[in-house]
Amino acid sequence: MSNRLYLFNASRKLRREVISKALEPICQVKELDVREVEDCRDIIEPFVEAAFNPARGQAHGQKVLDSLHSTRVFGQELGDDGKLIIIDRDLYSDYATNWCFGGFCPVSNSLGYILLSTARISDETLGEHIVRHELGHMFGAPSEGRTNTVDILGLHCSNNLCTMQQQLSVPEALRYAHRIKSAGIFPFCEQCVEDMRRYRPPERV
Ligand SMILES: [Zn+2]
Ligand SMILES: [Zn+2]
């Protein structure tokens, strides 16, 4: 199984240091080979623009990923590696009401994709928290059948001050991200750490 994670930071807003900080605790749990793709804006932007809906002023997240995944590079060459893609365009989906941050998109026998938009992220602490939360999903936290989980917009952790808790609004997420940071603790609970340590991407046919 791949332990490689490719970073495509096509955002002008989110500094690479914020992404590195988001990754730090996960790299303490898992041995990861993180590779940043420099100057990736020219690679990613055409896919975002092709999925852009001018009437909404937003790009359709799943369309961005589907078209990236249909290319030889993303679909085959980087097939089982994790891909973290960060863009500035606001995103929408068929499921969310008005907009979404994006999120983790699983792919069989692969670490899958994370597509995130910085458009609604006003604060670096929140940016770091959201990137880390989606990486937690990429590495299997929380796992199904475990205790201390809730099904709110997908499976989430209910342990206090764990990054894998789900907040339901941006102000709540902002407050929660700052609470975790000022607590000065490891940002994942022990159960989520164990989930990530043991994780293998599911095989599906
Ligand atoms: Zn989540
Ligand atoms: Zn947890």
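Reply: The bend at a residue is the angle between axes fitted to the seven residues ending there and the seven starting there. Helices (H or I, at least four residues) and strands (E, at least two) are DSSP runs, numbered from the N terminus. This is a predicted model, in which local features need pLDDT of at least 70, side-chain atom pairs count only at pLDDT 80 or more, and totals for chains, interfaces and linings use all residues. Residues are numbered from 1 along each chain as its sequence is written, while chains are lettered from A and ligands numbered from 1 in the order in which they are written.

Me: At which residue does a kink lie in H1?

Reply: The kink amounts to about 35°. It comes shortly before the proline Pro 25, at Leu 23.

Me: Which residues of H1 are buried?

Reply: A residue is buried if 20 or more other C-beta atoms, placed from the backbone, lie within 10 Å of its own. In H1 the buried residues are Val 18, Ile 19, Ala 22 and Ile 26.

Me: Which strands stand at the edges of the sheet?

Reply: Five strands form an open, mixed sheet in the order S2-S1-S5-S8-S7, where two strands pair if DSSP finds at least two bridges between them. Two of these strands have a single partner strand each, so one side of each is left without a neighbour in the sheet: S2 (33-36) and S7 (102-105).

Me: Which residue in S2 stands opposite Leu 5?

Reply: S1 and S2 run parallel and are joined by four bridges. Opposite Leu 5 stands Val 34.

Notes. A residue is buried if 20 or more other C-beta atoms lie within 10 Å of its own, exposed if 12 or fewer, and partly exposed in between; C-beta atoms are placed from the backbone.
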